[in-house]
Amino acid sequence: MKDRISQLMDGELDERAAAEQIAACGRGGEALETWRTYHLISDAMRDTRVLSAGFSASVVARLEAEPTVLAPQRRRAESRTRFALSAAASFAAVGLVGWLAFAPQPGNAPAQIAEVQKVNIQETAPVLVPPPSAANDYLLAHQGFSPRVSFQGMAPYVRTVSAKGRETRK
Amino acid sequence: MLGRALGLSALLCAGLAQAQPQSAEALTWLRKIHDATRKLSYSGTFVYRDGSRSETSRITRLVDATGSIEKVEVMDGVPREIIRTRDTVRCYLPDARVVKVERQADHRGAERGFPALLPERISALARHYDISLGEVERVAGLDCQIVKLSPKDELRYGHMLYADMKTGMLLKAETLDAKGEVIEQFTFTEFRVGAVPRERLKPRHATQAWRVEESGATPANLAAAGWGLSSELPGFRKVTELRRRVGEAGSVGQVVYSDGLAAVSVFIEPLEGRRDPVRTGLAGVGAIHIYTREVARHMVTVVGEAPAASVQRIANAVEFRRPQQ
């Protein structure tokens, strides 16, 4: 089964076989786990943006929406060998990566999770908008819960209202 | 590729092995800063800078047998005063003749009032920040110990804290982005320890005729109402949930997430009755980012002193699932 998923990722299955594997992933369980893990490794190998929180969900969703994405012809020549090697060599790392990326992260999660997260915080570029008209009110409401007040007393509260000054002066 | 694969494994293993202890001395300094913030009576002047702009404020704090009271008065631009007593913050806006009142909901059990950082939570900061001591530098004529908090990932900002060697009071604080550039700064230009007459902590204006905007915060269970995050931001835990008013808006849900130093609030309010359409997108002021989007006929506004990507990620994870009856 793992071989089939590897082939699926490398665009080496025909349409019917691919559809079967996609359906298997869609049912969850081991197929889905394998799919997630392999993608994680292959992405990590390519230094692409990986491990984002909604990663596996969004891949599966896109997979259903655009199955052609799975069969990029140009990768066919060397990808399978490359992937097999990568997967074998990093076998030990697989479990680790899988655990780091998918384990629930409770408050006392070990610090090293942070090491892995470095690569993945990019969101799609946001649209820049002016602050909402109630921005100061939100800031004031927020400020009381910021632990910074414990280190700094009331000083951060000037942020709240300094934006107000800006607005009024416009 | 094989080499790179092995390299990756080695890197990951190194990451695991790197659970190095933080400098105990640096943690002691953080506690000292924290204690000074709670226990000292003082007055001083500080300058706040967020990139291009700067503003000067007076700050006065008095701790005595009747409790503590603290007042900040912004000296530049539009006048305003903020006064905090044990569980209430009042923000006075003389031009608009408005007092905004933030009363903390009694949702913390024994630990009433404003969130205090307990000693064990200070140690817990080491999960997300490398905490170390820097040089000694002078601020406002006083020798200060620098305490550096370097984030372990790009989900939060770094901090340089300059603490008065003698009292532990934080006399300068810089917030740094991933490139190490200072994006926000508080610096005392003058600082004096000692009690001042209580008179000086009263609001400057007679406010009887001013409009009062009460936050009316009450504890709430927004999770049970169907609101949550499809995935949490690593290290940021939910610390509180409440219902309140924000400015002139009616009932607004607020959920706060924090990593122990930075906090991000998610505000949720129904779209009904709003005249303007929701403008999806990001706004930023200094270290603060605000991301707005619409979810299930509600306007979701996420506000936090965290990098844009963190705020945006929390905003994009907000979801509503109709609760099962």
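Q: What share of the contacts in chain B with a separation of 6 or more comes from residues 24 or more positions apart?
A: That share is 51%. Keep in mind that this is a predicted model.

Q: Okay, and what are the scores of the model?
A: The ipTM is 0.87 and the pTM is 0.70. For chain B, the mean pLDDT is 87, with 88% of residues at 70 or more.

Q: Where does pLDDT stay under 50 in chain B?
A: One such stretch is residues 1–21, for which the model has 29 contacts beyond four places in sequence. Residues 107–114 of chain B are also below 50, and they have twelve contacts beyond near neighbours in sequence.

Q: Switching to the fold: how many helices and strands does chain B have?
A: Chain B has four helices and 21 strands. Twelve strands of chain B make an open, mixed sheet, in the order β7-β8-β9-β10-β11-β1-β2-β3-β4-β5-β6-β12.

Q: Which are the edge strands there?
A: They are β7 (129–139) and β12 (211–214) of chain B, each pairing on one side only. From one strand to the next, the twist averages 15°.

Q: How does β7(B) run relative to β8, parallel or antiparallel?
A: β7(B) and β8 (residues 142–151) of chain B are antiparallel, joined by nine bridges. In one of these, B:Val139 has B:Leu142 in β8(B) as its bridge partner.

Q: Nice. Which strands does helix α2 of chain B lie across?
A: Helix α2 (residues 24–39) lies across β2, β7, β8, β9 and β10 of chain B, at about 65° to β7(B).

Q: And how much of chain B is buried?
A: Buried residues come to 42% of its 325 residues.

Key
Residues are numbered from 1 along each chain as its sequence is written. Chains are lettered from A and ligands numbered from 1 in the order in which they are written. This is a predicted model: local features need pLDDT of at least 70, side-chain atom pairs count only at pLDDT 80 or more; totals for chains, interfaces and linings use all residues. Helices (H or I, at least four residues) and strands (E, at least two) are DSSP runs, numbered from the N terminus. A residue is buried if 20 or more other C-beta atoms lie within 10 Å of its own, exposed if 12 or fewer, and partly exposed in between; C-beta atoms are placed from the backbone. Two residues are in contact if their C-beta atoms, placed from the backbone, lie within 7 Å. pLDDT is the predictor's confidence in each residue, from 0 to 100. Two strands pair if DSSP finds at least two bridges between them. Axes are lines fitted to C-alpha atoms, for helices over the stretch in contact, and angles run from 0 to 180 degrees between N-to-C directions.
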